[in-house]
Amino acid sequence: MRTISILNLKGGVAKTFTAVNMAYELMKRGYKVLLIDNDKQGNLSKAYGRYNADEVAPIAKLLCGDWQTATELIQATEYEGIDIIASNMSLFGATWNLTKTDDESQTERYKELIQHADWVRCGYDYCIIDNPPDIGLNVVNALAITDEVIVPVKIDEDALEGLDIVTEQIEDARAFNDRLRLAGVLVTVYQNTDGEAAGVEWLRQQWNDISSERYRKYLILGTIRYSKKVAENSFMRKPIYEYSPCCGAAQDYKKFVTRYTGVSR
């Protein structure tokens, strides 16, 4: 199972939207996907119809160690091939409580699921983790089981400067997960203005410039165009390809996943 964390310390860059649509596109290519909603807002859970505000969320139980079998945590969605560990605001309390414990397993709570449930590790091709824009213990636990980090980036000066901070956090996390690496950035909400085009070109130049070792990690994995259909779709809670398959964002996520996996549909 290949585990991917969607991470950026800045909000509003389409992290959850990327997780939703990447999972859908992987599923359409025949892969089985486990989603982990690691954000207390639960937007990924809402998108896949598994949000429940009235109970302790499965992800909170996982972080607290309050579970016996993986079937208590993992729910099927309406899409065959996509399952989810859902979230809600109870994750906030679970994260806070974990900070007050003096426990060597603070960063290993999510490992328990992967290491001790063979059918989870072997039953899915991909695990995609949607993370909040911070580095709490829930995110640290996510990085402990992550193979690759994808950073969605909305092109502006602050976002580009923030890439260094994300990279530093990933390097710090390698102390307890030496498999962890930055796969690259996914440019989102892209409008072909002079300023945004210059930002994308800057990233490309840094990657291609062998002397710029500091920035060679910023490989552009794809570019997702801005579309009004995305805003409309927020009320429908569907993958964008199902709502508007011809819009630029739907076609761009399709191209991104094809490039990422090498498998088309």
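Helices (H or I, at least four residues) and strands (E, at least two) are DSSP runs, numbered from the N terminus. Lys 15 sits in helix 1 (residues 15–28).

This is a predicted model: local features need pLDDT of at least 70, side-chain atom pairs count only at pLDDT 80 or more, and totals for chains, interfaces and linings use all residues. Residues are numbered from 1 along each chain as its sequence is written, and side-chain values use heavy atoms, with hydrogens and water left out.

**Around helix 1**

Lys 15 is buried, at 8% relative accessibility. Here buried means under 20% relative accessible area, exposed over 50%, and partly exposed in between (1.4 Å probe, protein chains only). Lys 15 and Asp 130 are 115 residues apart in sequence. In space, their C-alpha atoms are 6.8 Å apart.

Ala 14 belongs to the loop between strand 1 (2–6) and helix 1. Its phi is near 75°, a positive value in a residue other than glycine. Most residues other than glycine have a negative phi. Val 189 also has a positive phi, near 50°. Val 189 is in strand 7 and is partly exposed, with a relative accessible area of 26%.

**Salt bridges**

Side chains of opposite charge can pair when their charged atoms come close. A salt bridge here is a side-chain nitrogen of Lys or Arg within 4 Å of a carboxyl oxygen of Asp or Glu. How many salt bridges does a search of the whole structure find? The search finds seven.

| Acidic residue | Basic residue | Closest N and O atoms |
| Glu 25 | Arg 29 | 2.8 Å |
| Asp 147 | Arg 179 | 3.0 Å |
| Asp 252 | Arg 225 | 2.8 Å |

Take Glu 25 and Arg 29. Glu 25 is buried, at 2% relative accessibility. Arg 29 is buried as well, at 10%.

Asp 147 forms a salt bridge with Arg 179. This pair links distant parts of the chain, 32 residues apart. Asp 147 is in the loop between helix 7 (137–144) and strand 6 (148–154). Arg 179 is in the loop between helix 8 (157–173) and strand 7 (181–190). Asp 147 is buried, at 18% relative accessibility. Arg 179 is partly exposed, with a relative accessible area of 46%.

Asp 252 forms a salt bridge with Arg 225. Asp 252 lies in helix 12 (residues 248–261) and Arg 225 in strand 8 (residues 220–225), so the pair ties together parts 27 residues apart in sequence. Asp 252 is buried, at 7% relative accessible area, and Arg 225 is partly exposed, at 39%.

**Helix 7**

Helix 7 is mostly covered. Eight of its eight residues are buried. Among them are Leu 137, Val 139, Val 140 and Leu 143. Asn 138 and Asn 141 are buried in this helix too.

**A negative surface patch**

Which residues gather in a patch of negative charge on the surface? They are Asp 102, Glu 104, Glu 108 and Glu 112. Such a patch is made of residues with over 30% relative accessible area and no salt bridge, with like charges joined within 9 Å. Asp and Glu count as negative. The place of a charge is taken as CG of Asp or CD of Glu. Accessible areas come from the Shrake-Rupley method with a 1.4 Å probe. Glu 112 lies in helix 5 (residues 109–116). Glu 112 is partly exposed, with a relative accessible area of 33%.

**Cysteines**

The structure holds zero disulfides. A disulfide would be a pair of cysteine sulfur atoms within 2.5 Å. Cys 122 is exposed, at 63% relative accessibility. Cys 246 is in no disulfide either, and the nearest cysteine sulfur, that of Cys 247, is 8.3 Å away. Cys 246 is exposed, at 73% relative accessible area.

**An exposed phenylalanine**

Phe 235 lies in the loop between helix 10 (228–233) and helix 11 (240–243). Phe 235 is exposed, at 73% relative accessibility. Phe 235 and Val 187 are 48 residues apart in sequence and 23 Å apart in space, C-alpha to C-alpha.

Conventions: Patch = residues over 30% accessible without salt bridge, like charges linked within 9 Å, V, L, I, M, F, W, Y side chains within 5 Å.
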